[in-house]
Amino acid sequence: PYGANPYDILANTIKDLPAKMISPCKSVLEKEPQAVLNLRAFASKLGKNEVRKRMLREALKVAPLLMFCGNLEKTHANEKEIRMILNVDSDRLTVRDTGNLNPSNLVSLYSYGKIHLQATDPQSVEGGIPFRVFQTTACRRPLLTDKKPELAECYSYGKELLAFESDKDFADTFHAAMQNQETLDQVAQEGFHRFLRDHTWEKRFEYVVKTITTQVHGSAVGKA
């Protein structure tokens, strides 16, 4: 489910096993801590992929999509696999491999499209803000993304970007946004202004330095 934590997924899976298997599984995990990390990482990856697949399938019902996929390491699905996973072979989905894209072309990349969609990793990323948020708003494009604790501190939901917190929420918000170009234009403009005001490289660097300095001084005071 959306927002599930990989630690809970692993624990619940073991809990639901037949009684005679629970003790051996716990014994192995206690003796092999690396196995725990590997299983959690695996659960997280499966969960992240599942959330994104549900989002893309729902979006394809409403409008054609252009999907950018950087795949230099050949560890992600290629176009054929993506189409199979999403069960779409029509021109409603266009896939572009951006692995070899020149960084100087990123502005053109992020300036394209009626709206940008993002689903980060609700299973394992409890906080943090992906670069995509800043890249998209810097290019004056509207963004629909999943909610994160820190995100509301940087952008205003519904005004400077659009956000969702469940599958149904995504479907409803995306459908409404695609029916209202005026809303998309306003969100793009407001997000762009917020980026220029608070989120340029200079502003974010100042914030990082200030945060680190405050924490270091706070720790020093505590120890004193």
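Modeller: Let's start with an idea we'll need for the sheet: two strands pair if DSSP finds at least two bridges between them. Strands are DSSP runs of E with at least two residues, helices are runs of H or I with at least four, and both are numbered from the N terminus. What you have above is a predicted model, where local features need pLDDT of at least 70 and side-chain atom pairs count only at pLDDT 80 or more, while totals for chains, interfaces and linings use all residues. Residues are numbered from 1 along each chain as its sequence is written, and side-chain values use heavy atoms, with hydrogens and water left out.

Colleague: Okay, how many helices and strands are there in the protein?

Modeller: You'll find 10 helices and 5 strands.

Colleague: And how do I read a sheet? What order do the strands have in the open sheet?

Modeller: In general, strands of a sheet pair through backbone hydrogen bonds, either parallel or antiparallel. Here, 3 strands make an open sheet in the order β3-β4-β5, and the pairing is parallel. The edges are β3 (116-118) and β5 (162-164); each has a single partner strand, so one side of each is left without a neighbour in the sheet. From one strand to the next, the twist averages 15°, with axes fitted as lines to C-alpha atoms (for helices, over the stretch in contact) and angles between N-to-C directions running from 0 to 180 degrees.

Colleague: Which residue in β5 is the bridge partner of Asp146?

Modeller: That's Phe164. Leu144 has a bridge partner in β5 too, namely Leu162. Strand β4 (residues 143-146) is joined to β5 by 3 bridges. On the β3 side there are also 3 bridges to β4, and Gln118 has Thr145 as its bridge partner there.

Colleague: Which way do the β4 residues point?

Modeller: Leu143 and Thr145 point one way, Leu144 and Asp146 the other, and all of them are buried. Buried means under 20% relative accessible area, exposed means over 50%, and partly exposed is in between, using a 1.4 Å probe on protein chains only. For the protein, buried residues make up 32% of the 224 residues.

Colleague: What lies across the sheet strands β3, β4 and β5?

Modeller: Helix α8 (residues 167-178) does, running at about 155° to β5. Helix α6 lies across β3 and β4, at about 170° to β3.

Colleague: Which residues of α6 are buried?

Modeller: In α6 (residues 131-138) they are Val133, Phe134, Thr136 and Thr137. Look down the helix axis: these buried residues fall within an arc of 165°, so they line one face of the helix. That arc is taken from the directions from the axis to the C-beta atoms. Just after α6, Arg140 has a positive phi of about 60°.

Colleague: What does Val133 touch?

Modeller: Contact means heavy atoms within 4.5 Å. Leaving out residues up to four places away in sequence, Val133 touches Gln118, Leu143, Leu151, Tyr155 and Leu161. Val133 counts as buried because its relative accessibility is 1%.

Colleague: How many aromatic pairs does a search of the whole structure find?

Modeller: A pair of aromatic rings is described by the distance of the centres and the angle of the planes. Rings of Phe, Tyr and Trp (its six-membered ring) pair if their centres lie within 6.5 Å; planes under 30 degrees apart are stacked, over 60 edge-to-face, and the rest tilted. The search finds 3 pairs. One of them, Phe134 with Tyr155, is tilted, at 6.2 Å centre to centre and 45° between the planes. Phe134 is in helix α6 and Tyr155 is in the loop between α7 (151-154) and β5, so the pair ties together parts 21 residues apart in sequence. Another, Phe164 with Phe170, is edge-to-face, at 5.1 Å and 70°. Phe164, Phe170 and Phe174 form one aromatic cluster.

Colleague: Last one: how many disulfides does the structure hold?

Modeller: The count is 0, where a disulfide is a pair of cysteine sulfur atoms within 2.5 Å. Cys139 is buried at 16% relative accessibility, and Cys154 is buried at 7%.
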